[in-house]
Amino acid sequence: MSDSMEGIQASIAIGILWTDDDRLIDAEALLRSVHSAAALLEDNQTQRAAALALGRCLLWRGRIDEAGAVVAPLLSNAAPACAWALAARIRLASGAAERAGHAASRALECAATSRSCRDAA
């Protein structure tokens, strides 16, 4: 793994911690930069992690439409449970209860077949 990729992954972790610490403006700025950097390096897994972290931060900031726009491109049959779970929260926050239920069901299906401890939790 390159130093650039390690720096990006560390920055994603910091952005998540700042989101949890209610430092949402700082977190958003960092995660937007990290998302762009991951796109330039063309690493799909890191891009997805950055997009999910950014989408979560935007949700916490109450910027529901932006959060949905960041997360929507990630949703496919191959998307992990955490992507579908975040989509469910975003859709519920936007008042789309039926679509939120679909995303939550999809998250449960993905978690049931996943080998990831995080998805199983």
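Author: A residue is called buried here when its relative accessible area is under 20%, exposed when that area is over 50%, and partly exposed in between. The model is a predicted one. With those cut-offs, the part to look at is helix 2, where Leu24, Ala27, Glu28, Leu30, Leu31, Val34 and Ala38 are buried. An α-helix has 3.6 residues a turn, so residues three or four places apart point the same way. The buried residues of helix 2 are covered by parts that include helix 1 (3–20) and helix 3 (44–60).

The length of the helix can be checked. Helix 2 runs over residues 24–41, which is 18 residues, and at 1.5 Å a residue it should span 26 Å. The C-alpha atoms at its ends are 25 Å apart, which agrees with that expectation.

Next come the loops on either side. Asp22 sits in the loop between helix 1 and helix 2. Its phi is near 65 degrees, a positive value in a residue other than glycine. Asp22 has a relative accessible area of 59%, so it is exposed. At 68% relative accessibility, Glu42 counts as exposed.

Thr46 has its place in helix 3. Its relative accessible area is 2%, so Thr46 is buried. Leaving aside residues up to four places away in sequence, Thr46 touches Met5, Ile8, Gln9, Ile12 and Ala38. Of these, Ala38 is one of the buried residues of helix 2. Ala49 is found in helix 3 as well. With a relative accessible area of 33%, Ala49 is partly exposed. The C-alpha atoms of Ala49 and Ala83 are separated by 9.3 Å, although the two residues are 34 apart along the chain.

Finally, the whole protein gives the setting for this helix. The protein has seven helices and zero strands, in the order α-α-α-α-α-α-α along the sequence. Its radius of gyration is 14 Å, close to the 14 Å that the globule rule gives for 121 residues, so the protein is as compact as a globular protein of that length. The C-alpha trace spans about 40 × 30 × 25 Å along its principal axes. Of the 121 residues, 39% count as buried. Among contacts between residues at least 6 apart in sequence, 48% join residues at least 24 apart. The accessible surface comes to about 7,000 Å², and 54% of it belongs to carbon and sulfur atoms. There are 12 positive and 14 negative side chains, and the centres of the two sets lie 5 Å apart.

Terms used:
Residues numbered from 1 in each chain as written. Predicted model: local features only at pLDDT ≥ 70, side-chain atom pairs only at ≥ 80, totals over all residues. Heavy atoms only, no water. Helix = DSSP H or I, 4+ residues; strand = E, 2+ residues; numbered from the N terminus. Rg over C-alpha atoms; globule rule 2.2 N^0.38 Å. Buried < 20%, exposed > 50% of the residue type's maximum accessible area, 1.4 Å probe, protein only. Contact = heavy atoms within 4.5 Å. Areas by Shrake-Rupley, 256 points an atom, 1.4 Å probe, with all protein chains shown as cover. Lys, Arg positive; Asp, Glu negative; His and termini not counted. Charge placed at Lys NZ, Arg CZ, Asp CG, Glu CD. Expected span 1.5 Å × (residues − 1).
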